[in-house]
Amino acid sequence: MPSENELNESTGAFERVAGEEQSFPTPPWAEQTRTPSMPEYRRRWEKSIADPESFWGELARELVWDRPYDTVLEWNRPFAKWFVGGKLNASVQCLDKHLDSSATDKTAITWIGEPGDRRTLTYRDLYMSVNKLASALKQLGVGRGDRVAVYMPMLPELPIACLACARIGAIHTVVFAGFSSQSLRDRIDDCGAVAVITADGGWRRGSQMRIKDIVDDAVKGASSIKHVVVVKRGGVEFPHSMTHGRDVYYDDLLSSADDFAAPEPMDSEDPLFILYTSGTTGKPKGIFHTHAGYLLGTMVSAREVFDMRDNDVFWCTADVGWITGHSYIIYGPMQNGVSQVMYEGAPNHPTPGRFWEIVEKEKVTVFYTAPTAIRAFMGWGDKWVTPRDLTSLRLLGTVGEPINPEAWRWYHKTIGAGRCPIVDTWWQTETGSISITPLPGATPTKPGSATLPFYGIDAAILDEQGNEVTEGGGLLAIRKPWPAMMRGIWGDENRYRETYWSKWDGKYYFAGDGAYRDKDGYFWIVGRVDDVVNVSGHRIGTAELESAFVEHPAVNEAAVIGVPHKIKGECLIGFVSLCDGQRHSAELAEELRDLIAEKIGKFCRPERVMFVEDLPKTRSGKIMRRLLRDIATGKALGDVTTLADSSALEKLAREYRDE
């Protein structure tokens, strides 16, 4: 475990350790929020921890049940079951329940394509589209419990596909469209998906993405795949091929489908979706979430954290390929019936002012984005912001990684004009919903701090032995179950136990993050302490990257680390030793960088590849990535007495500086 000093040093921008005391009060409209004060937050949080069955049982009455549940919680550590015996359907929670309300003809999604095309869908439109696709999938033979992979750009058909799967009881697994064909194939094979829903193409920074080509390569040899459904992006032709008997166009499929698909009553604990996240071994983990607990957690957190109101225009800039898009584009906001903006493209195309142009035009009121994007906005300069009218904004949020105080202050001052509170949220794919966060009506904020646990989250900072640290640094843990928590790793119960519940004899959930707690009880998230790197908010396992490196015939061994980057948060450095007879060159380094982009995805292309004779290892053969980070960040090397050859490390440090 890193020491407190190491935790502090690893995030040097977090000057709170040296006395960051500036506190920002709650907004003038705090008394109008659902949690209007700190005493009220304390009262509710304490009830959620002391009596979770009563707290969540009361809130669960807001869900539309086909059959009421018998028991709120069954806790057989580390396995939790929530709302046992109940039956419901996720698409009903997001769509059907709005049909007899004022939200029926309200805009659900305003979709903006990168070239400027635009579509508006009401909740009624979404309801009709989801029913049509659900009927069509049933005609293809897709049914309850089947897994369906979804691989497409940010089009409205992406959330439609997820909700259609949920309606018929199929389990969706969305794969970020930046992943390579091999990454998609790995996920299809792991869950045994029977179908892929995709698009012919999309746009990214002015370039056409040939999405269907990637899918064609991915499904070669994937024996479980029976159908590929292809959405036509429109606007221009995206060259692609269609395989007879397997591939079908989305529009053609829907043309013969029924207008209504009866929602399948799903058990509270039936899987809703699988979402793959990187781990410390080469194989991604298929995190799965179930219906009732996840739905309740996302509904309540979206409403409370973002203070959602009927007239809000909410914009979460995440991709649905990540958990943020699942929870705060699909399930959280839609259960609350709010209007959303959904954007296909990048924040800097055609200009670095693209996001602010959209905020101004669409009158966005709540804006939720990543610190990586905020740091990029800062770098591009205020000139892209100041011409825009951003007075519609009333609340800002951050997600995906810790935000440094400098970026927090810029966001608050330049984007929020000093009047918009910031909810700096910490959570994970595994937690399902926001876990540590300010509440805009209750919590005074400090730049860089995620502040306090959300309802039901009994968070603590522990040392290596499991002793609680009331003030200082350590490892972030959660003591008790919460409704939206993951239910396991698909097909690998032992890995679930070992990864998340083994560190302190199964008594705590281990988040894998280091954190610091100040004298006011506020949490400051430092970042990953395992072999997972966070590039632009995307978690990637070093083992997965290293496995891709050694697939090259010239590579004998590889180690990958993440080092601080002023925009991305972390960037990747690869240390590579070559096989006998192989010679390193700039061309080979570029080839290896391209290999990572091809095997994993372009978003994780290494910044640098360093050729080494030997990687620093302990006498037992373990690669010392900590020492490689020290070299890359220019720190003095720590204890090297456990190394098999300390002289090799000193040579490597010189070569790294000189290269």
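User: Is Arg67 buried, partly exposed or exposed, and what is its relative accessible area?

Analyst: This is a predicted model, in which local features need pLDDT of at least 70, side-chain atom pairs count only at pLDDT 80 or more, and totals for chains, interfaces and linings use all residues. Residues are numbered from 1 along each chain as its sequence is written, and side-chain values use heavy atoms, with hydrogens and water left out.

Arg67 is partly exposed, with a relative accessible area of 35% (buried means under 20%, exposed over 50%, partly exposed in between, with a 1.4 Å probe and protein chains only). Its salt-bridge partner is Asp70, with the closest N and O atoms 3.4 Å apart; a salt bridge here is a side-chain nitrogen of Lys or Arg within 4 Å of a carboxyl oxygen of Asp or Glu. Asp70 is exposed, at 56%.

Arg210 and Asp213 also form a salt bridge, at 2.8 Å from N to O. Arg210 is partly exposed at 41%, and Asp213 is partly exposed at 28%.

A further salt bridge joins Arg517 and Glu468, at 3.8 Å from N to O. This pair links distant parts of the chain, 49 residues apart: Arg517 lies in strand β24 (residues 509-517), and Glu468 in the loop between β21 (459-462) and β22 (472-478). Strands are DSSP runs (E, at least two residues), numbered from the N terminus. Arg517 counts as buried at 18% relative accessibility, whereas Glu468 counts as partly exposed at 40%.

Salt bridges also link Arg34, Asp307, Arg309, Asp312 and Arg394 in a network. Over the whole structure, the search finds 42 salt bridges.

Conventions:
Helix = DSSP H or I, 4+ residues; strand = E, 2+ residues; numbered from the N terminus.
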